[in-house]
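Please read the numbered points alongside the display.

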Amino acid sequence: KIFALVDARMCYTLNLEVYVGQQSDCSFKVSNKTEDLVERIIQPISGSGRNVTTDNCSHVAALPPNRT
């Protein structure tokens, strides 16, 4: 799977992450939890006041409400 942060109006990819499944213990290991993935993906626009719309990502509601 490839998760992407895309500006729908400008057709521009801002950030993406490839899901690689189970990871071995190393310095590059990251959490695969939905909340953590979304936090990493939206990092470039965090605090910009933009809206984020998702597809097939129903657990996003678990994110802290302070995301603006």
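**Notes on the predicted model**

1. Leu-16 lies in strand E2; helices (H or I, at least four residues) and strands (E, at least two) are DSSP runs, numbered from the N terminus. Leu-16 counts as partly exposed because its relative accessibility is 48%; buried means under 20% relative accessible area, exposed over 50%, and partly exposed in between (1.4 Å probe, protein chains only). Together with Ile-2, Val-18 and Val-20, Leu-16 makes a nonpolar surface patch of about 400 Å². Patches are made of residues with over 30% relative accessible area and no salt bridge, with like charges joined within 9 Å and nonpolar side chains (Val, Leu, Ile, Met, Phe, Trp, Tyr) within 5 Å.

2. On the basis of the work: this is a predicted model, in which local features need pLDDT of at least 70 and side-chain atom pairs count only at pLDDT 80 or more, whereas totals for chains, interfaces and linings use all residues. Residues are numbered from 1 along each chain as its sequence is written, and side-chain values use heavy atoms, with hydrogens and water left out.

3. On confidence: pLDDT is the predictor's confidence in each residue, from 0 to 100. The chain has a mean pLDDT of 81, and 81% of its residues reach 70 or more. Confidence is lowest in helix H1 (residues 34-41), with a mean of 86, and highest in strand E2 (residues 12-18), with 93.

4. On the overall arrangement: the chain has one helix and two strands, and the pattern along the sequence is β-β-α. Of the 68 residues in the chain, 16% are buried. The accessible surface comes to about 5600 Å², and carbon and sulfur atoms account for 52% of it; accessible areas come from the Shrake-Rupley method with a 1.4 Å probe, and for residues only the protein chains shown count as cover. Among contacts (heavy atoms within 4.5 Å) between residues at least 6 apart in sequence, 36% join residues at least 24 apart.

5. How many salt bridges does the structure hold? There are two, a salt bridge being a side-chain nitrogen of Lys or Arg within 4 Å of a carboxyl oxygen of Asp or Glu. Side chains of opposite charge can pair when their charged atoms come close. One joins the side chains of Glu-17 and Arg-40, at 2.6 Å from N to O. Glu-17 lies in strand E2 and Arg-40 in helix H1, so this pair ties together parts that are 23 residues apart in sequence. Arg-40 counts as partly exposed because its relative accessibility is 25%. Not counting residues up to four places away in sequence, Glu-17 touches Lys-1, Ile-2, Phe-3, Val-30, Leu-37, Arg-40 and Ile-41.

6. Asp-25 forms a salt bridge with Lys-29, and the closest N and O atoms are 3.0 Å apart. Asp-25 counts as exposed because its relative accessibility is 70%, whereas Lys-29, with a relative accessible area of 42%, is partly exposed.

7. Is Gln-23 buried or exposed? Gln-23 has 17% relative accessibility and therefore counts as buried, although its place is in the loop between E2 and H1. A polar atom of the Gln-23 side chain lies 3.1 Å from the backbone nitrogen of Val-30. The Gln-23 side chain also makes a polar contact of 3.3 Å with the side chain of Asn-32. A polar contact is a pair of N or O atoms within 3.5 Å; within protein, one must be able to donate a hydrogen and the other to accept it, and residues adjacent in sequence count only if both atoms are side-chain atoms. Leaving aside neighbours within four places in sequence, Gln-23 is in contact with Phe-28, Lys-29, Val-30 and Asn-32.

8. Phe-3 has its place in strand E1 and, at 29% relative accessibility, counts as partly exposed. Beyond its neighbours within four places in sequence, Phe-3 is in contact with Asn-15, Leu-16, Glu-17, Tyr-19, Leu-37 and Ile-41. The C-alpha atoms of Phe-3 and Asn-15 are separated by 8.4 Å, the two residues being 12 apart along the chain.

9. Cys-11 is not a glycine, yet it has a positive phi of about 55°. Cys-11 is found in the loop between strand E1 (2-7) and E2, and its relative accessibility of 68% is why it counts as exposed.
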